[in-house]
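This briefing sets out the fold, the packing and the ligand surroundings of one protein. Please keep the sequence and the model in view while reading.

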Amino acid sequence: MTQLTLLNPGAMRRVHTFSAMILLAALFMILYITLNLETASVPKAVRNDLHQQSSLWGQKNDVKTQSSTHESTTTPKPDVYNVSVSDVFRQSIPQNGAYWNRLMHSALRELDKGGNTFRHASSWPLCRENNQESLQTNVHDFTSYPFLFQNFLQVMNCRSPPVLFNQPNKCITSEGGGAVPIFLLLAIKSVPGNFERRQAVRETWGREVHQGGLQVRTVFLLGTSPQDHPDLSLLLSFEAQQFGDVLQWDFDESLLNLTLKMNMFLQWTLKHCPHVSFVFSGDDDVFMNTPALLKYLQSQEVSSKAPQLYVGQIITKGSPMRDPNNKYYIPLSFFDGPYPAYAGGGGFLYSGALLQPLYSLLSVIPFFPIDDVYAGMCFNALGVSPELHPGFKTFDIKDHDRQNLCIHKDLLLIHQRSPSQIKTLWKGIHNPLLTC
Ligand SMILES: *[C@@H]1O[C@H](CO)[C@@H](O)[C@H](O)[C@H]1NC(C)=O
């Protein structure tokens with residue numbers, strides 16, 4: 001696939017565009033039929049509602065000035081949390097000439113002086129007007145960085161993209177009068193075009209109803225498609241309305257923007273779902289055994305480690321990729337040092353109690369372009385060590401095990417499964433006739 005792309009990018013793009021158009025046409029027809037079956041006036045209602053909501057959301061961006069009926073005074077204020085950074089983390093970042101390392105150490109010096117480490121960039125549209133000159137002065141080979149990487153550096157302090165779809169009531173539950181605490185929040189990284197993957201997740205492991213009455217909530221985290229892609233906003237607005245699980249911000253989807261996505265998710269959760277017990281962060285192409293995961297979490301809940309949980313498949317002794325053609329390329333003049341032990345971004349778990357401290361650290365630790373490494377740095381700075389759980393298979397499993405349902409019954413997560421594989425596996429592990 002990659003090789004094909006390299007050989008003939010034009011042809012590949014045409015094929016992609018063509019298949020995307022067919023998929024879109026099909027989706028439109030399904031939507032059209034569904035809408036017409038229900039009532040002819042629904043689309044208008046949807047649009048009106050969205051219009052109303054978007055004007056509301058327009059005001060909601062500023063955490064400090066926003067007020068709405070559901071925002072209680074108990075919502076933590078991201079900025080006032082007392083931040084401290086572990087010695088282990090401080091010592092793990094070599095003091096050298098690399099740009100990120102310098103930013104990090106200067107932030108630590110500021111922090112120790114009691115200063116405000118993060119200089120908030122100007123408002124969203126302005127902060128992207130770049131500081132190319134100063135970057136070129138600070139990073140001697142800046143112009144040799146890949147285009148997207150240059151771009152990352154230019155916008156790494158931009159942190160307030162407009163909200164396009166919000167779900168402010170996601171975690172408001174009241175059964176029998178009292179609010180019910182949310183046990184697990186599933187935060188699934190997706191991109192606008194992945195309708196099919198999201199639907200498979202909704203129908204299987206991302207369901208909000210599970211046995212045992214534990215409250216589970218699911219949100220999909222989205223940025224926006226690049227300009228040259230088809231405009232999916234109407235489809236998305238239908239989806240967001242219909243399922244109530246789409247969160248979207250107005251920034252470009254890109255691998256290097258996933259740390260920004262993490263930032264937006266933490267901000268959203270602290271505002272709208274602050275009392276959740278556990279958080280799962282993962283991709284939209286994983287198979288997760290939610291019942292097994294819930295069982296595991298229940299067993300953890302009673303342990304004293306519960307508020308310090310950070311679990312997944314752990315990558316230790318990782319170091320930056322120095323090949324410019326690698327997807328995860330990190331130039332030496334940008335970051336020079338080892339990676340902390342971190343949980344693979346395909347899917348990992350952490351305690352809700354860590355949301356606030358994590359978010360506070362995001363204004364101390366400069367954004368790093370690889371989100372799971374960045375998360376690892378933050379946990380490390382909090383003094384929380386990642387814990388390996390053998391049930392997380394973010395690098396897949398042996399070929400001959402892939403059809404074995406009994407193996408899947410005991411696993412928690414497997415990375416890279418198609419929507420139909422996810423459905424088959426889900427049905428399989430729930431088959432009452434399955435004997436292992
Ligand atoms: C991240 O999103 C911003 C805002 O849309 C965009 O300007 C920037 O190019 C994106 N970054 C990358 C590396 O694509």
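**Briefing on the predicted model**

T204 sits in the loop that links α9 (195-203) to β5 (216-224); helices (H or I, at least four residues) and strands (E, at least two) are DSSP runs numbered from the N terminus. The model is predicted, so local features need pLDDT of at least 70 and side-chain atom pairs count only at pLDDT 80 or more, while totals for chains, interfaces and linings use all residues. Residues are numbered from 1 along each chain as its sequence is written, and side-chain values use heavy atoms, with hydrogens and water left out.

- With a relative accessible area of 2%, T204 is buried; buried means under 20% relative accessible area, exposed over 50%, and partly exposed in between (1.4 Å probe, protein chains only).
- Beyond its neighbours within four places in sequence, T204 is in contact with I422, K423 and W426, where contact means heavy atoms within 4.5 Å.
- T204 and T424 are 220 residues apart along the chain, and their C-alpha atoms are separated by 9.6 Å.
- The side chain of T204 also reaches the backbone oxygen of A200 at 2.7 Å. Such a polar contact is a pair of N or O atoms within 3.5 Å; within protein, one must be able to donate a hydrogen and the other to accept it, and residues adjacent in sequence count only if both atoms are side-chain atoms.

**Overall architecture**

- The protein contains 16 helices and 15 strands.
- Of its 436 residues, 49% count as buried.
- Among contacts between residues at least 6 apart in sequence, 77% join residues at least 24 apart.
- The protein exposes about 22,200 Å², of which carbon and sulfur atoms supply 55%; accessible areas come from the Shrake-Rupley method with a 1.4 Å probe, and for residues only the protein chains shown count as cover.

**Nonpolar cores**

- In soluble globular proteins, nonpolar side chains tend to be buried together.
- The largest nonpolar core has 71 residues, and W100, L153, F334 and F368 have the most contacts inside it. A nonpolar core is a set of buried Ala, Val, Leu, Ile, Met, Phe, Trp, Tyr and Cys residues joined through side-chain atoms within 4.5 Å.
- Another core, of 37 residues, lies apart from it and includes I188, L222, A240 and I429.
- Leaving aside neighbours within four places in sequence, W100 is in contact with residues including F89, M156, F334, F368 and M377.

- Among the buried residues of α5 are Y99, W100, M104, L108 and L111.
- The buried residues of α5 pack against α4, α7 (132-138), α8 (147-155) and α14 (371-382).
- G114, which follows α5, has a positive phi near 85°.
- Helix α12 (residues 290-301) has twelve residues and reaches 16 Å from its first C-alpha to its last, close to the 16 Å expected.
- The buried residues of α12 include L293, L294, Y296 and L297.

**Ligand surroundings**

- Nine residues surround the ligand, the closest being N151, F251, D252, S254 and N257; a residue is near a molecule or strand if one of its heavy atoms lies within 4 Å of it.
- A polar side-chain atom of N151 lies 2.3 Å from an oxygen atom of the ligand.
- For N257, an N or O atom of the side chain is 2.3 Å from a ligand oxygen atom.
- The corresponding distance for the side chain of S254 is 3.2 Å.
- On its own the ligand has 360 Å² of accessible area, and the protein covers 90% of it.
- α8 and β6 (246-252) each supply at least two residues of the shell around the ligand.

**Two further loop residues**

- S86 lies in the loop between α3 (42-60) and α4 (87-92), and counts as buried at 15% relative accessibility.
- A polar atom of the S86 side chain is 2.8 Å from the backbone oxygen of N380.
- H389 lies in the loop between β13 (387-388) and β14 (392-393), and is buried with a relative accessible area of 19%.
- A polar atom of the H389 side chain lies 2.8 Å from the backbone nitrogen of G391.
- Not counting residues up to four places away in sequence, H389 touches Y296, V311, G312 and L412.

Terms used
The expected span of a helix is 1.5 Å times one less than its number of residues.
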